[in-house]
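Me: I have a model open and want to learn how to read it. Can you take me through it feature by feature?

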Amino acid sequence: MYPDPRVVQFVERSFIPVRVHVKEQRDEFRRLGERFGSQWTPTTLLVDDTGTEHHRIEGFLPVDDFLSQLALGIAKAAFARKDYAAAEHLYRDVVDSYPNTDAAPEAMYWTGVSKYRATNDPSALKDTHRAFTERYQDTSWAKKASVWGQ
């Protein structure tokens, strides 16, 4: 598993982890690799109890980046369940807890979308656009949110 205790604690608290070793479990690795289209190791897949993939992390990441991606995956699963209020909270937590990671701008975008989906209030999208003028201006997520300011 991951050597950092913060990652171990987060994974144990949030997931049912399954590890397939590429050399020791070749058949299982090949089967799962084909099923999920895994192209590289390590590949971390966040799937629900039906086997639906909600997020994928390929390759190694520093601790905060990895934790932010795991948290982003949890938020994506809540959004997919149409639990938009929970998704909003979970996405906001990624922005607040991991503001200097690549996951933060994506989470900020989806925070606004989740709030809009929960309330049908378009001001949630305008507020998100405004937030992008202050943070993460040079990201593709800011560009995607730019239409909300018009």
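This is a predicted model: local features need pLDDT of at least 70, side-chain atom pairs count only at pLDDT 80 or more; totals for chains, interfaces and linings use all residues.

Me: How many residues does helix 5 have, and what span should they cover?

Reply: Helix 5 runs over residues 103-119, which is 17 residues.

Me: What follows helix 5?

Reply: Asn 120 comes next, and its phi is positive, near 60°.

Me: How should I think about a nonpolar core?

Reply: The general idea first. In soluble globular proteins, nonpolar side chains tend to be buried together. Here the largest nonpolar core has 34 residues. Val 7, Leu 70, Tyr 91, Tyr 109 and Phe 132 touch the most other members. Helix 1 (5-14), helix 3, helix 4, helix 5, helix 6 and helix 7 each supply at least two residues of this core. Helix 3 gives the largest share, nine residues.

Me: Take Tyr 91. What is in contact with Tyr 91 beyond its neighbours within four places in sequence?

Reply: Leu 72, Ala 75, Lys 76 and Phe 79 are in contact with Tyr 91. Ala 107, Trp 110, Thr 111 and Ser 114 complete the list.

Me: Now charges. How many salt bridges does the structure hold?

Reply: Seven. Look at the pair Arg 130 and Asp 127, where the closest N and O atoms are 2.8 Å apart.

Me: Why are Arg 130 and Asp 127 separated by about one helical turn?

Reply: The general idea is simple. An α-helix has 3.6 residues a turn, so residues three or four places apart point the same way. Arg 130 and Asp 127 are three residues apart in helix 6, so about one helical turn separates them. Arg 130 is partly exposed, with a relative accessible area of 44%. Asp 127 is partly exposed too, at 37%.

Me: Is Asp 4 buried or exposed?

Reply: Buried. Its relative accessible area is 18%, and the cut-off for buried is under 20%. Asp 4 forms a salt bridge with Arg 6, at 3.5 Å from N to O. Arg 6 counts as partly exposed, at 43%. Asp 4, Arg 6 and Asp 64 are linked in a network of salt bridges.

Me: Where does Phe 36 lie, and which residues does it touch?

Reply: Phe 36 lies in helix 2 (residues 26-36). At 16% relative accessibility, Phe 36 counts as buried. Not counting residues up to four places away in sequence, Phe 36 touches Leu 45, Val 47, Gly 51, Glu 53 and Arg 56. Phe 36 and Arg 56 are 20 residues apart along the chain, and their C-alpha atoms are separated by 9.8 Å. Arg 56 also forms a salt bridge with Glu 58, with 3.4 Å between the closest N and O atoms.

Me: Last, pockets. What lines the second largest pocket?

Reply: Its volume is about 220 Å³. The lining includes Arg 92, Met 108, Thr 111, Lys 115, Asp 127 and Arg 135. Helix 4, helix 5 and helix 6 each give two or more residues to the lining.

Conventions. Residues are numbered from 1 along each chain as its sequence is written. Side-chain values use heavy atoms; hydrogens and water are left out. Helices (H or I, at least four residues) and strands (E, at least two) are DSSP runs, numbered from the N terminus. The expected span of a helix is 1.5 Å times one less than its number of residues. A nonpolar core is a set of buried Ala, Val, Leu, Ile, Met, Phe, Trp, Tyr and Cys residues joined through side-chain atoms within 4.5 Å. Buried means under 20% relative accessible area, exposed over 50%, partly exposed in between (1.4 Å probe, protein chains only). Contact means heavy atoms within 4.5 Å. A salt bridge is a side-chain nitrogen of Lys or Arg within 4 Å of a carboxyl oxygen of Asp or Glu. On a 1 Å grid over the protein atoms alone, a cavity is a set of points where a 1.4 Å probe fits but cannot get out, and a pocket is an open set with protein on both sides within 12 Å along at least five of seven lines; lining residues have an atom within 4 Å of a point. Grid points are joined across faces, edges and corners, and a volume is the space filled by probe spheres set on the points.
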